[in-house]
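Hi everyone, thanks for having me. I'll walk you through one protein today, so please have a look at the screen.

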Amino acid sequence: MEEVTAKRVNVIYGNWLVLHPQGFEMFRCTTRKANWYLFRNLADVVSEDPPIIKLNFEPNGIGWNGDEFALTQKQNLCAVCGSEDLDRLTKHHIVPSLYKRHFPKKLKVATSHDVVCICRECHDEYENIYASKLKEKISEQYEVPLCNSQSDFVKVIKLSKAYVLNSEFMPEERKMELLEKISSMLGYEEGFVPMEEIEKFSKISQKKYNEFYGNHGKGVMEKVTDIQGFVEMWRSDFVNNMKPKFMPKYWDIHRAVERPARPLKIK
């Protein structure tokens with residue numbers, strides 16, 4: 001057993017290539033996952049540069065063999081602006097999880113295609129400006145309330161989290177814009193909302209936050225008849241509005257949502 005170490009714990013893509021015992025490529029994984037195999041003596045290190053491990057047991061399938069997107073090494077930088085500041089990088093789910101969690105089970109196969117690396121600033125810009133508009137459009141189209149009477153409350157939570165996480169790095173103009181929005185939603189006609197109140201909203205748990213969206217996501221997906229089209233709509237919205245210059249190689253707006261059937265073994 002040999003442990004491998006990551007240069008930074010917050011990298012989005014670990015990029016360890018995992019080989020089948022027969023030697024062909026199966027999938028890529030994080031350093032944490034590579035160590036999971038190594039600690040259990042289920043794999044051996046083939047190379048640390050480039051990072052490769054090889055399974056020493058016969059798996060049930062062939063993983064993502066033959067899938068160029070899944071097997072190509074991905075860069076840890078913002079897909080939109082190219083920032084390489086690891087402390088600012090986050091995972092962006094192109095299809096929001098409030099909808100994705102209600103997909104049929106066969107369409108929720110783990111894949112990194114619709115999870116891209118993006119910096120916090122670009123993330124906030126998309127979520128607060130564009131994604132919110134598309135959710136409102138979807139709400140009207142399918143006649144499913146976004147979050148009933150709690151819409152402003154949910155927006156306050158999102159804006160407060162954005163302010164607390166990013167205010168140190170924000171231009172003054174952007175900080176003032178967020179403060180004005182939060183203050184207005186909370187009924188402060190004169191002056192700004194106290195910082196203690198913003199911090200209180202920013203600490204509301206993700207679980208509690210998701211509860212406000214749960215019924216909307218479920219209600220919408222019960223009415224969606226073309227999941228492929230629904231997914232492509234979100235992909236197109238992200239690309240058209242953010243104009244990302246550094247998307248992973250082989251990323252495709254039209255990639256099939258349902259994973260194609262593959263043989264269990266390559267002979």
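Let's start with K54: is it buried or exposed, or something in between? K54 has a relative accessibility of 31%, so it counts as partly exposed; buried means under 20% relative accessible area, exposed means over 50%, and partly exposed is in between, with a 1.4 Å probe and protein chains only. You'll find K54 in strand β4. Helices here are DSSP runs of H or I with at least four residues, strands are runs of E with at least two, and both are numbered from the N terminus. Not counting residues up to four places away in sequence, K54 touches L19, H20, P21, G23, L42, A43, D44 and V46, where contact means heavy atoms within 4.5 Å. K54 and M26 are 28 residues apart in sequence, and their C-alpha atoms are 9.6 Å apart in space.

Quick note on where this comes from. This is a predicted model, where local features need pLDDT of at least 70 and side-chain atom pairs count only at pLDDT 80 or more, while totals for chains, interfaces and linings use all residues. Residues are numbered from 1 along each chain as its sequence is written, and side-chain values use heavy atoms, with hydrogens and water left out.

Now the overall picture. The protein has 9 helices and 6 strands, and buried residues make up 45% of its 267 residues. Among contacts with a separation of 6 or more, 72% are between residues 24 or more positions apart.

So what sits inside? A nonpolar core is a set of buried Ala, Val, Leu, Ile, Met, Phe, Trp, Tyr and Cys residues joined through side-chain atoms within 4.5 Å. The largest one has 37 residues, and V220, F230 and W234 touch the most other members. At least two residues of this core come from each of α3, β6, α4, α8 and α9. If we skip neighbours within four places in sequence, V220 is in contact with Y99, I138, Y142, V144 and F230. Apart from this core lies another, of 15 residues, including V18, F24, Y37 and W64.

Next, a helix pair. How do α4 and α9 pack? Their axes are 11 Å apart, at an angle of about 135°; axes are lines fitted to C-alpha atoms, for helices over the stretch in contact, and angles run from 0 to 180 degrees between N-to-C directions. That makes α4 oblique to α9, because under 35 degrees counts as roughly parallel, over 145 as roughly antiparallel, 65 to 115 as roughly perpendicular, and the rest as oblique. Among the residues that meet are Y130 and L134 in α4, and F230 and W234 in α9.

Beyond its neighbours within four places in sequence, D114 is in contact with H92, H93, I94, V95, V231, R235 and W251.

Most residues other than glycine have a negative phi, and most peptide bonds are trans. Here, the bond from D49 to P50 is cis, with omega near 5°, and P50 is in the loop between β3 and β4. N41 is not a glycine, yet its phi is positive, about 55°. K243, in the segment after α9, also has a positive phi, near 50°, and K243 is exposed, at 55% relative accessible area.
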